[in-house]
Amino acid sequence: MKEYATEVIIPLIADHEWAQELNLELAYRYMDYSSTGGDSAYKVGLTYQLNDDIRFRATKAESVRAPNVNELYSAAGTQYWSYGRFDQCAADEIANTDDKYRDNVVKNCAAAGIPDGWMPSQQWLDSGSIEGKLGGNNQLDNEVSSDVVFGFVYTPTSIEGFDITVDYWSFEIENAIENYDYGELQRNCYRADSLDNPFCGFITRGANNEVTSFFQTSLNAAEEKKSGVDIESVYDFETSIGEFGVKLTATYVENYEINQTGNPIDLLVKTGEQDHMRWRGRLNTSYEYGDFRAVLVANYRHSTVDERNGWNIEQHNYNDIPSYTTFDLSMNYRVLENVDLRFGIQNMFDRTPPRHPLAFEDTSWYDPIGRRATVGVNIKL
């Protein structure tokens with residue numbers, strides 16, 4: 001791999017009444033990968049310092065991620081599809097296919113030479129797991145991301161120790177690399193607009209149209225878009241009774257959508273689902289006096305839904321997931337120059353995860369353990 005990069009900052013304006021500083025930032029990188037060939041990335045940015053209090057910034061960039069070694073070259077090994085034998089072109093599967101896909105499935109199965117009303121043999125259906133291969137794909141291309149970020153930093157001279165940063169961001173990834181199992185290969189192949197798609201070539205059929213093998217691998221097929229706002233604010237101040245600090249970080253997700261196949265019909269808008277909640281934030285408050293320091297942290301995640309795509313009340317009535325907030329307290333006291341006492345309480349109000357079958361055991365976002373305390377001593381020798 002070889003890379004060539006350049007970056008330059010060009011001052012455009014300085015010391016004007018309406019602009020203390022205006023700079024143009026340019027960056028370019030050319031990458032020559034032995035696996036995927038040449039590619040390039042760039043950045044164009046502006047920083048505008050209006051006065052001592054406020055600064056604006058904006059960036060437009062295109063970045064590249066090359067597939068990793070495992071995605072490209074992992075050795076092929078035997079893989080089994082163990083979730084029940086099925087074939088998207090079987091008559092019973094077509095009958096149960098979502099209406100929005102059925103016409104494409106019928107058309108593509110016919111184009112593949114599979115007759116109308118075809119069913120695999122009972123022997124095929126009853127013969128257990130489908131054996132295939134799992135491995136890398138040395139035909140992968142680079143992922144390309146188009147990024148836009150703009151925002152401001154406000155540091156008022158009238159309030160010492162205070163600043164706030166707000167940034168809007170938008171990322172769009174094309175040719176995203178995803179790994180597809182047998183079921184996804186089957187569905188994505190025949191539900192596409194035509195057989196000319198990335199998935200069909202990894203399914204092998206025999207003379208009687210029955211699947212004889214498959215190859216599970218990574219493909220450049222997915223697309224992903226995400227946009228939102230990041231907020232960060234800090235306020236530190238001293239009083240006669242000690243030093244106080246407050247830090248807030250929060251993220252608002254404006255939109256998140258993903259398309260696993262690149263076909264418009266497969267677009268999923270997942271904004272507000274459990275892993276892509278609208279709001280999440282963290283408030284950190286601290287107090288320090290002499291050798292004593294205490295920190296109280298509040299963690300918040302907004303109410304969400306489990307599923308936005310395809311859910312309806314006839315399936316179940318527990319799609320809504322409530323908001324969730326926990327508090328953690330830690331204290332530290334230096335009794336000697338080299339001896340610190342520590343005390344902490346995590347989840348101090350013993351907040352349990354939402355009583356919800358789709359969230360209660362999700363340790364990514366919730367604390368299933370409950371309140372617990374820690375005591376310790378730090379000794380530096």
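**Exercise 1. Which side chains are joined by a polar contact of 3.5 Å, and where does Ser-218 lie?**

Step 1. In this predicted model, the side chains of Ser-218 and Asn-179 are joined by a polar contact of 3.5 Å. A polar contact is a pair of N or O atoms within 3.5 Å; within protein, one must be able to donate a hydrogen and the other to accept it, and residues adjacent in sequence count only if both atoms are side-chain atoms.

Step 2. Ser-218 lies in strand β10. Strands (E, at least two residues) and helices (H or I, at least four) are DSSP runs, numbered from the N terminus.

Step 3. Ser-218 is buried, at a relative accessible area of 7%. Buried means under 20%, exposed over 50% and partly exposed in between (1.4 Å probe, protein chains only).

Step 4. Leaving aside neighbours within four places in sequence, Ser-218 is in contact with Glu-71, Asn-137, Leu-140, Ile-177, Glu-178 and Asn-179. Contact means heavy atoms within 4.5 Å.

Conventions: residues are numbered from 1 along each chain as its sequence is written. Local features need pLDDT of at least 70, side-chain atom pairs count only at pLDDT 80 or more, totals for chains, interfaces and linings use all residues, and side-chain values use heavy atoms, with hydrogens and water left out.

**Exercise 2. Why are the pairs Phe-162 with Tyr-235 and Phe-327 with Phe-349 edge-to-face?**

Step 1. The structure holds 18 aromatic pairs. Rings of Phe, Tyr and Trp (its six-membered ring) pair if their centres lie within 6.5 Å; planes under 30 degrees apart count as stacked, over 60 as edge-to-face and the rest as tilted.

Step 2. The ring centres of Phe-162 and Tyr-235 are 6.0 Å apart and the planes stand at 80°, so this pair is edge-to-face. Phe-162 belongs to strand β8 (residues 162-180) and Tyr-235 to strand β10 (residues 211-239), 73 residues apart. Tyr-235 is partly exposed, with a relative accessible area of 31%.

Step 3. For Phe-327 and Phe-349 the centres are 5.5 Å apart and the planes are at 85°, so this pair is also edge-to-face. Phe-327 is in strand β17 (residues 324-336) and Phe-349 is in the loop between β18 (339-346) and β19 (372-379), so the pair ties together parts 22 residues apart in sequence. Phe-327 is partly exposed at 27%, whereas Phe-349 is exposed at 57%.

**Exercise 3. How many of the 10 residues of helix α5 are buried?**

Step 1. Eight of the 10 residues of α5 (residues 182-191) are buried, so the helix is largely enclosed by the rest of the structure. Among them are Tyr-182, Leu-185, Asn-188 and Tyr-190.

Step 2. At the start of α5, a side-chain oxygen of Asp-181 comes within 3.1 Å of the backbone nitrogen of Gly-183.

Step 3. Tyr-182 also forms one aromatic cluster with Trp-81, Tyr-83, Phe-86 and Phe-214.

**Exercise 4. Which element supplies the largest share of the lining of the largest pocket?**

Step 1. The largest pocket has a volume of about 420 Å³. On a 1 Å grid over the protein atoms alone, a pocket is an open set of points where a 1.4 Å probe fits, with protein on both sides within 12 Å along at least five of seven lines; lining residues have an atom within 4 Å of a point. Grid points are joined across faces, edges and corners, and the volume is the space filled by probe spheres set on the points.

Step 2. Of the 18 lining residues, Tyr-101, Asn-188, Gln-260, Asp-266 and Leu-268 are the closest to the pocket centre.

Step 3. Helix α5 supplies the largest share of the lining, five residues.
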